[in-house]
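Subject: The structure to look at, with my notes

Hi there,

Here is the structure I promised to pass on to you. Please open it next to this email and follow along as you read.

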Amino acid sequence: MSTSPDALTVRDHNTLFNSPEYQEQRERKKQFEGGSAPEEVARVAEWTRSWEYREKNFARQHLTVNPLKACQPLGAVLAALGFAGTLPLVHGSQGCTSYFRGHLSRHFKEPVPTVSSSMTEDSAVFGGLSNLIEALGTSVHLYKPDMVAVSTTCMAEVIGDDLQNFIASARTKGAITEDIPVPYAHTPSFVGSHVLGYDNMLRGILSYLTEGKKSTSNGTINIVPGFDPYVGNIREIKRLLTLLGIKHVVLGDHSDSLDSPATGEYHMYPGGTPLAVAGDSINADATVFLQALGSKRTKEIVNGWAGEAVMLNPPIGIANTDTFVTEVARVAGVEVPDEITAERGRLLDAMTDSHAYLHGKRVAIAGDPDFVNGMLGFLLEMGMEPIHVVSSNGDATWAERAKGILAASPFGAKATVWPGKDAWHLRSLVFTEPVDLIVGPTHLKHLAREANVQLFRAGFPIFDRHHLHRFPIYGYAGGLHLLTQLVNSILDEVDRNAPDHSFDIVR
Ligand code: SF4
């Protein structure tokens, strides 16, 4: 490092914004804003942590504060990235597409190639036909994809743009040739969430690619991961299926698209399920869905395929993974090899080693419906006690399933389940009925700090910790990874807070 007096001093964010000039600036801003006195702010903040405020908070009906979900087209983009050579095209404004790219990039720490039809005010008045035609023509010419997967934003949906007709017009007008596949999904963002958008886009892609391909069995098992923020999960599922000796195909494999190696060369389409393989998925012996709740739209088309459809909870923890392994072994007609049984035993052993530090911990958990239900299984297996179970994009069906999981364990007896509630509801829950740990995405870090409760980051999105998504939380190996992270983060806290007489070498 240079010691020259002219060397550039780069201060980090914390240091920079604590310097006198920024402190003075903040003080001046406060005077300009004319806000309430600090004592009044503190009094109201304290009141918002009370039971009285909680009742008012839960009585609100027409306002959402910090929902723990993203909008449909973001999920549609992730679904498209699961297919080889596929360019996601979002029909709508550039701002929405920047948000999807940014959101996914911040989580996966990878570039997210996605284009927009750049609708502006005039398109809102006259319709987005010319935008979509131009976008398709330009994208195919510039980026040379094998497939373009089109989804919509709020603007396109509010004015009623018809994708089927628009794409047909693009072909008629010669903007794109007849042979390039352009599946689509209408993904209105004012209903559902990124999970529904993923499901809608996957359905659109599979309907398109499998059309007219029905034939005899190809001896394969399809795996549908759903909206999975862990690339490590997809790899772990493929590893397990290979150990089982099952011929398989992942429908929507974004594990390489969003975790490509640094080789010095940029590849725009570094992975994904090959399109011909996806087209033949209609002839599989079975299709196994790893997110039963988030795959309802895709399941509707798979119902028309010859093979059985198997709907599962995500394989998180022992019991959920047992179900996954026994179900795929059953549909494929294979035996479970000793190697997998040994992995299971190792996880069980590790859970026993660590359980004293986790047993009885009161937990608040929030996230996508299937993720929450999968994680509940693992938390209960560790003897942890879920207290608040929240899913902003969870519905009554999710809540019923979550309650069933909780009812099956004595450690689930204290839990309440909250479908459709947001992070501000969760704040009231945590302040009125305190917990030891919050499990959920990065967006809960402010609540965790305010409530002085540890946040265990899991689910989507995780912006402020690195590489968690590269490791699996599925399967026995994923369970071991999850356990390692969880128990060690708790042990870090134990050490941080230990008095001298308990600052032990052995934990
Ligand atoms: S909610 Fe609508 S306007 Fe907002 S980012 Fe999503 S599609 Fe765009």
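Let me begin with the word "domain": the bounds used here come from an automatic or database domain assignment. On that basis the protein is divided into domain 1 (72-210), domain 2 (221-337) and domain 3 (340-501). To find your way, note that residues are numbered from 1 along each chain as its sequence is written. Please also keep in mind that this is a predicted model, in which local features need pLDDT of at least 70 and side-chain atom pairs count only at pLDDT 80 or more, while totals for chains, interfaces and linings use all residues.

**Where two domains meet**

The centres of domain 1 and domain 3, taken over C-alpha atoms, are 35 Å apart. Seven residues of domain 1 are in contact with eight residues of domain 3; contact here means that the C-beta atoms of two residues, placed from the backbone, lie within 7 Å. On the domain 1 side, helix α6 (residues 94-108) gives the most, with four residues. Helices (H or I, at least four residues) and strands (E, at least two) are DSSP runs, numbered from the N terminus. That side of domain 1 is made up of two nonpolar, three polar and two charged residues.

An open sheet of four strands has the order β2-β1-β3-β4, and its pairing is parallel. Two strands pair if DSSP finds at least two bridges between them. At the edges are β2 (115-116) and β4, each of which pairs on one side only. Two bridges join β1 to β2, and Leu89 stands opposite Val115 in β2.

Helix α10 packs on this sheet, where it touches β1, β3 and β4, and its direction makes about 145 degrees with that of β3. For such angles, axes are lines fitted to C-alpha atoms, for helices over the stretch in contact, and the angles run from 0 to 180 degrees between N-to-C directions.

Which residues of helix α10 (residues 163-172) are buried? They are Leu163, Phe166, Ile167 and Ala170. They cover an arc of only 95 degrees around the axis, which puts them on the same side of α10; the arc is that of the directions from the helix axis to the C-beta atoms. A residue is called buried if 20 or more other C-beta atoms lie within 10 Å of its own, exposed if 12 or fewer, and partly exposed in between, with C-beta atoms placed from the backbone. A handy rule is that an α-helix has 3.6 residues a turn, so residues three or four places apart point the same way.

The buried residues of α10 pack against β1 (86-91), α8 (129-143), β3 (147-152) and β4 (184-185). On the face turned away from them are the exposed residues Gln164, Asn165, Ala168 and Thr172. After α10 comes Gly174, with a positive phi near 85 degrees.

**The sheet with β5**

Another open sheet has four strands in the order β6-β5-β7-β8, with parallel pairing. β6 (248-250) and β8 (308-311) are at its edges with a single partner strand each, so one side of each is left without a neighbour in the sheet. From one strand to the next, the twist averages 20 degrees. Three bridges join strand β5 (residues 221-224) to β6, and Ile221 has His248 as its bridge partner in β6.

**Strand β12**

Strand β9 (residues 362-366) runs parallel to β12 and is joined to it by three bridges, with Leu437 as the bridge partner of Val363. Four bridges join β12 to strand β13 (residues 454-457), also in parallel, and here Leu437 stands opposite Gln454.

**Some backbone details**

The peptide bond from Phe460 to Pro461 is cis, with omega near -5 degrees. Pro461 is found in the loop between β13 and α21 (475-497).

Asn66 is not a glycine, yet it has a positive phi of about 50 degrees. Asn66 lies in the loop between α4 (51-59) and α5 (72-80) and is partly exposed, with 15 other C-beta atoms within 10 Å. Ser118, not a glycine either, has a positive phi of about 55 degrees. Ser118 lies in the loop between β2 and α7 (121-126).

Happy exploring!

Notes:
Nonpolar A, V, L, I, M, F, W, Y, C, P; charged D, E, K, R; others polar.
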